[in-house]
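I am keeping these notes as I look through one protein structure.

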Amino acid sequence: MVLGTDTGVGKTRVGCAFLHGLRQRGLHALGMKPVATGVEDDGENSDVRALKLASSSGIKGMDLPVPTQWMNPYSFEPAVAPHLAARRVGVTISFACLRQAFHQLQGCTDAVVVEGAGGVLVPLSEEGDMVDLALALDIPVVLVVGLRLGCLNHALLSAEALQSRSVPWVGWVANRLEPDLAEEEGQLETLRVRLPLPFLGVYPHAATPESGASVLDWETLLAVGENRK
Ligand SMILES: Nc1ncnc2c1ncn2[C@@H]1O[C@H](COP(=O)(O)OP(=O)(O)O)[C@@H](O)[C@H]1O
Ligand SMILES: [Mg+2]
């Protein structure tokens, strides 16, 4: 599960890079956006579209499309926090429904890459927040840190939140959001020292998800999958 230090930090980019990297290694891989908020003019959410494009086509071994309802069980028009978007239309986001969709996806692929929404403690419903969802799906988390002013605090707070809730970690990815960020190397060095989890790589500025996949630590990533079999 790809969680971020905030909204707009690169979860979708890095999530798509994971999907490409898995597929480049011969695996069938599908993206999932459990809850999307904000739709484009064509009525589709841009994260869902990007994840679909980066995913394998169809159900593994069959000439059948993957139902959008599995890849994106909840989609709300306004670009506001998930539980507020749901409340506006009288919907309650159900963890049972999200778990069911996730298990459907798991059953028709080798790997599911789930993208969160916003930061790690974004509320979803009375049942819990994004971290609770990772726990409910029983999947390990990758934290995407969007490198910008303020990211040290966001990253360290996110790490504390994940640790205090005993979420299984894979590691963290730094995302070069800006081409010329002041003290970028200093920020990276600080995070490598202070974040208590494996560092999986720096996603370059303006890299496509295909090329971005090549900078990630696939040995660590694939070992996680092997250990969970
Ligand atoms: N490495 C990068 N280089 C250039 N632009 C980026 C990079 N990562 C993200 N962006 C841009 O920043 C914005 C937010 O990225 P996105 O992956 O959608 O974040 P999130 O999913 O966390 O909201 C998008 O417009 C995206 O194209
Ligand atoms: Mg996104």
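**Entry 1: the helix H1**

I looked up which residues of H1 are buried, and found Lys11, Thr12, Arg13, Val14, Gly15, Cys16, Ala17, Phe18, Leu19, His20, Gly21 and Leu22. A residue counts as buried if 20 or more other C-beta atoms lie within 10 Å of its own, as exposed if 12 or fewer do, and as partly exposed in between, with C-beta atoms placed from the backbone. Helices (H or I, at least four residues) and strands (E, at least two) are DSSP runs numbered from the N terminus. I must remember that this is a predicted model, in which local features need pLDDT of at least 70 and side-chain atom pairs count only at pLDDT 80 or more, while totals for chains, interfaces and linings use all residues. Residues are numbered from 1 along each chain as its sequence is written, and chains are lettered from A and ligands numbered from 1 in the order in which they are written.

Because 12 of the 14 residues of H1 are buried, this helix is largely enclosed by the rest of the structure. Just after H1, Gly26 takes a positive phi of about 85 degrees.

**Entry 2: ligand 1**

I found 16 residues surrounding ligand 1, the closest being Gly8, Gly10, Lys11, Thr12 and Arg13; a residue is near the ligand if its C-beta atom, placed from the backbone, lies within 6 Å of it. Helix H1, residues 11–24, gives the most to this shell, with 3 residues.

**Entry 3: the whole protein**

I noted 10 helices and 10 strands in the protein. Its radius of gyration is 17 Å, close to the 17 Å that the globule rule gives for 229 residues, so the protein is as compact as a globular protein of that length. The radius is taken over C-alpha atoms, and the rule is 2.2 Å times the number of residues to the power 0.38. Of the 229 residues, 44% count as buried.

Leu22 lies in H1 and counts as buried because it has 26 C-beta neighbours inside 10 Å. Leaving out residues up to four places away in sequence, Leu22 touches Leu27, Ala29 and Ala111, where a contact needs C-beta atoms, placed from the backbone, within 7 Å. Leu221 has its place in helix H10, residues 218–227, and is buried too, with 22 C-beta neighbours inside 10 Å.

Most residues other than glycine have a negative phi. Asp138 is exposed, with 10 other C-beta atoms within 10 Å. Ser166 has a positive phi near 55 degrees and is exposed, with 9 other C-beta atoms within 10 Å.

Methods:
Two residues are in contact if their C-beta atoms, placed from the backbone, lie within 7 Å.
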